[in-house]
Amino acid sequence: MIPFSTILITVLIASSIYVAVAIFILAGSLAQLYSFMPLSAVLGESTWGASTEFTLVSVPLFIMMGEILLRSGVTRNLYEALDRWLNWLPGGLMHTNIAAAALFAATSGSSVATAATIGTVALPNMKQGYHAPTFLGSIAAGGTLGILIPPSINMVIYGIIAEASIAKLYLAATIPGVLLALLFSLLILVICMVRPEWGGPRRSATWAARFRGLVHLLPVLFLFLVVVGSIYAGLATPTEAAALGVLAALVLAWAGGDLSLPVLFRAFEGTMRTTCMVMLIVVSAMFLSFCMASTGLTKAATDAVTSLHLPPLVMMLAIILFYLVLGCFMEPISMLLTTGPVLIPVVVALGYDPIWYGVLFMILSEAGLITPPIGVNLFVVQSVRGEGEIRDVIVGSLPFLAAMLGMIALLLAFPGLALWLPNNFAPGK
């Protein structure tokens, strides 16, 4: 049953069939071939249950929040303010790319939105003397922070699948998210110290100009406090916090003079398009999860792994390798929803904390966003660039992939990097 499922989903996805359709076909095949009862009879109830999950309401709300910010002037002002503080470093604006992506990630929850937004603001500056592949790679890699640094849409979906606290997941991702951004910046620093001609011009700003620019960081800080702060303080659920975030984004867009009916219509359209794509995959994956549990596939996979009697670390390394390869061909949400119901119980059976594993999985998902041939952020950055070859983006992203592997190694060696905050400061502690 397991080999059949693996081969079928691989063939379907390789055939360029929509991921949601591929998942439905796999679920239907399992139900038809291995179930003693017609599982298709519960498709309606499964679909209704998945689409009415209260926590999932936060997904379109977070998407809308990012869409509103994408079309406001908040990002450009944020970028210019950070540039005044970071452009003296070797690598100049590439450090600004990482810092701006990290801060925007703390308000959008989406890697694609983060890469597109920062790319739109940053790319006009690339021709100032920067090494194009490294500059492009900094945008693509910085954009991946959108699914790690809270609030993260992918974290919400993982929490539902793993039945884990989303508030704890957000806390767990905070330190690794900041560390990964610092690793990206350190990597740029090393590259530009070895190859100074790649780092572009260095500019200095007066301290007065730097401090004046800090006012443009306040909108992002305000939004982060509204969304994530309300969750950490135990004042709001993730869904309620997402609704507050939409209201706060509207206020920021209005205060900046960017709120208009055309802007709202474009934001609503973008929200509907993305939400429909995500929710169709979610609904199909929920049905697949039910079919796998009903046919015994989930238990069979768990028993097969545990019967190998391999050390947990060896099994975890195998899972990491599996996801690094799978990430070359699937985008993160699809990867999570197709493999999560099978592998999360396996990871728990091996003795690993599901909160810790959630952070590890998000970093593996980030790696998939910048690995060809289906690295979504690679295409996003190249689309925003609008010229040249995508090979430049791919080559420039590879060093940042090494930084992600370094972060994974740190999490394996020091699990407390992810678990210290949720174990000590989670709501209700």
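How many aromatic pairs does the count come to here? Thanks for coming, everyone; let me start with the rule. Rings of Phe, Tyr and Trp (its six-membered ring) pair if their centres lie within 6.5 Å, with planes under 30 degrees apart counted as stacked, over 60 as edge-to-face and the rest as tilted. By that rule, we get 8 aromatic pairs.

One of them is Phe184 with Phe400, an edge-to-face pair at 5.5 Å centre to centre and 80° between the planes. Phe184 lies in helix α10 (residues 166-194) and Phe400 in helix α20 (residues 390-413), so this pair ties together parts that are 216 residues apart in sequence. Helices here are DSSP runs (H or I, at least four residues), numbered from the N terminus. Both Phe184 and Phe400 are buried, meaning under 20% relative accessible area with a 1.4 Å probe, protein chains only.

A word on the source: this is a predicted model, where local features need pLDDT of at least 70, side-chain atom pairs count only at pLDDT 80 or more, and totals for chains, interfaces and linings use all residues. Residues are numbered from 1 along each chain as its sequence is written, and side-chain values use heavy atoms, with hydrogens and water left out.

Back to the rings! Tyr352 and Trp356 are stacked, 5.2 Å centre to centre with 15° between the planes, and both Tyr352 and Trp356 are buried. There is also one aromatic cluster formed by Tyr158, Phe322, Tyr323, Tyr357 and Phe361.

Last, a charge: the charged end of Arg210 sits over the ring of Trp85, 5.8 Å from the ring centre. The cut-offs there are NZ of Lys or CZ of Arg within 6 Å of the ring centre and within 35 degrees of the ring normal.

Notes:
Helices (H or I, at least four residues) and strands (E, at least two) are DSSP runs, numbered from the N terminus. Buried means under 20% relative accessible area, exposed over 50%, partly exposed in between (1.4 Å probe, protein chains only).
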